[in-house]
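These are my notebook entries on one chain. I went through the model element by element and wrote down what I looked up.

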Amino acid sequence: MSSSTVSVPNSGMGANPSMIFCGTCGHQIASTAPSCPKCGAPNALAAAPVSEKSMVAAALLCFFLGTFGIHRFYTGKIGTGILMILTLGGLGIWSLIDLIMIIVGSYKDKQGLPLRR
Ligand SMILES: [Zn+2]
């Protein structure tokens, strides 16, 4: 058994990823790797964790109550939610941007997790 040093591109999290074995080819890969570098099979364990908050709910809240930052409260972003009330959703522009971000899936909750689809 030869031990080869595999350098895994780290996304700068600073965490030392634990190694797992690819379920398809058995190649050792980092548990945080999105896919196996050898066979390209997606790494189920690294399937990005998602927020418990619903994207649909956030989108609806943002659409109807975005000016009051309700979707930001919903997703745990209290601070910017209050800021959004004070600025009336950045005069509607900020809330509109948020709505687009939610719909395209770029919106993250307080923990930085993408919303659940
Ligand atoms: Zn593989």
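Entry 1, the chain as a whole. I began with sequence separation: among contacts between residues at least 6 apart in sequence, 38% join residues at least 24 apart. Two residues are in contact if their C-beta atoms, placed from the backbone, lie within 7 Å. The model is predicted, and I keep to its limits: local features need pLDDT of at least 70, side-chain atom pairs count only at pLDDT 80 or more, and totals for chains, interfaces and linings use all residues. Residues are numbered from 1 along each chain as its sequence is written.

I then listed the elements. The chain has 5 helices and 2 strands, and their order from the N terminus is β-β-α-α-α-α-α. Helices (H or I, at least four residues) and strands (E, at least two) are DSSP runs, numbered from the N terminus. I also looked up burial, and 20% of the 117 residues count as buried. A residue is buried with 20 or more other C-beta atoms within 10 Å of its own, exposed with 12 or fewer, and partly exposed in between; the C-beta atoms are placed from the backbone.

Which residues make up the largest nonpolar core? I find 9 residues there: Ala58, Ala59, Leu61, Cys62, Ile70, Leu99, Ile102, Tyr107 and Leu115. At least two residues of this core come from each of helix H1 (55-65) and helix H5 (93-104). H1 gives the most, with 4 residues. By a nonpolar core I mean a set of buried Ala, Val, Leu, Ile, Met, Phe, Trp, Tyr and Cys residues joined through C-beta atoms within 7 Å. As background, nonpolar side chains tend to be buried together in soluble globular proteins.

Setting aside neighbours within four places in sequence, Ile102 is in contact with Met55, Ala58, Ala59, Cys62, Tyr107 and Leu115.

Two packed helices are described by the angle between their axes and the distance between the axes. For H1 and H5 I noted an angle of about 160° and axes 9 Å apart. The axes are lines fitted to C-alpha atoms, for helices over the stretch in contact, and angles run from 0 to 180 degrees between N-to-C directions. H1 and H5 are therefore roughly antiparallel. The classes are roughly parallel under 35 degrees, roughly antiparallel over 145, roughly perpendicular from 65 to 115, and oblique for the rest.

The crossing of H1 and H5 is left-handed. That term applies if the near helix is turned anticlockwise from the far one by less than a right angle; clockwise would be right-handed. H1 makes the contact with Met55, Ala58, Ala59, Cys62 and Phe63, and H5 with Ser95, Asp98, Leu99, Ile102 and Ile103. I sorted the residues of this contact into 8 nonpolar, 1 polar and 1 charged. Here Ala, Val, Leu, Ile, Met, Phe, Trp, Tyr, Cys and Pro count as nonpolar, Asp, Glu, Lys and Arg as charged, and the others, Gly among them, as polar.

I also checked Leu65, which lies in H1. Leu65 counts as partly exposed, with 15 C-beta neighbours inside 10 Å. Leu65 and Ser95 are 30 residues apart in sequence, with C-alpha atoms 8.8 Å apart.

Thr80 is partly exposed, with 16 other C-beta atoms within 10 Å; Gly81 is partly exposed with 18. Not counting residues up to four places away in sequence, Thr80 touches Gly69 and Arg72, while Gly81 touches Gly69, Arg72 and Phe73. The C-alpha atoms of Thr80 and Gly69 are separated by 7.7 Å, and those of Gly81 and Phe68 by 7.3 Å.

For reference, most residues other than glycine have a negative phi. Leu88 is partly exposed, with 15 other C-beta atoms within 10 Å, whereas Leu91 is exposed, with 10.
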